[in-house]
Amino acid sequence: MCGIIGSLGNKQLLAKALATIKYRGKDNQAISSQGKGTFGHCLHAVVGIIPQPLKNKGLFTSNCEIYNWKELANQHQITAKNDADLIFQLLESNISTKTIINQLDGVFAFAYHNNDTITLARDLFGVKPLWYSTNPFAFASERKALETMQLRNIQELNPRTI
């Protein structure tokens, strides 16, 4: 279980909110920004310690367990270090989010920021939690992290939703 969080706002407030869910991953905690987006991640490593958020053309953070990630990496001719890295590289290659999700065998919640757009996605059954607020925009693995940021109108992203 990892902890993910992000916003289009105050980096210091996001760091405080990330601290409220730090128990979700003690292998590494990090915050990264790109453009208007700032993402945070608490890593609970299952397949190697690959710190997130991942950053290239876009910014990515996830809580995922993808069982077929090695097969998908071979199929797409990608050298991925783990399941999160695979999803990130697929998103960076401009394959549609829906196409990627349809290929994944596993559970996940992730956020990807690129070209002033943030995409949130959640697995079919909603195993991995994801909450969000729209004004101002922010998301997190746990509602209480968003409440720490004094956000209102917090909603759970429905399973099977992009």
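Q: What is the volume of the largest pocket?
A: This is a predicted model, in which local features need pLDDT of at least 70, side-chain atom pairs count only at pLDDT 80 or more, and totals for chains, interfaces and linings use all residues. Residues are numbered from 1 along each chain as its sequence is written, and side-chain values use heavy atoms, without hydrogens and water. A pocket is an open set of points on a 1 Å grid over the protein atoms alone where a 1.4 Å probe fits, with protein on both sides within 12 Å along at least five of seven lines; its volume is the space filled by probe spheres set on the points. For the largest pocket the volume is about 190 Å³.

Q: Which residues lie closest to the centre of the largest pocket?
A: Lining residues have an atom within 4 Å of a grid point. The lining has 7 nonpolar, 2 polar and 4 charged residues, where Asp, Glu, Lys and Arg count as charged, Ala, Val, Leu, Ile, Met, Phe, Trp, Tyr, Cys and Pro as nonpolar, and the others as polar. Of these 13 residues, the closest to the centre are Ile 101, Leu 104, Phe 108, Asp 123 and Leu 124.

Q: Which strand gives the most to that lining?
A: Strands are DSSP runs of E with at least two residues, and helices are runs of H or I with at least four, numbered from the N terminus. With 3 residues in the lining, the largest contributor is strand 6 (residues 106-114).

Q: What type of aromatic pair do Phe 88 and Tyr 112 form?
A: Rings of Phe, Tyr and Trp (its six-membered ring) pair if their centres lie within 6.5 Å; planes under 30 degrees apart count as stacked, over 60 as edge-to-face and the rest as tilted. Phe 88 in helix 3 and Tyr 112 in strand 6 are 24 residues apart. At 6.3 Å centre to centre and 65 degrees between the planes, the pair is edge-to-face.

Q: Where is Pro 136?
A: The peptide bond from Asn 135 to Pro 136 is cis, with omega near 0 degrees. Pro 136 is in the loop between strand 8 (131-134) and strand 9 (137-140).
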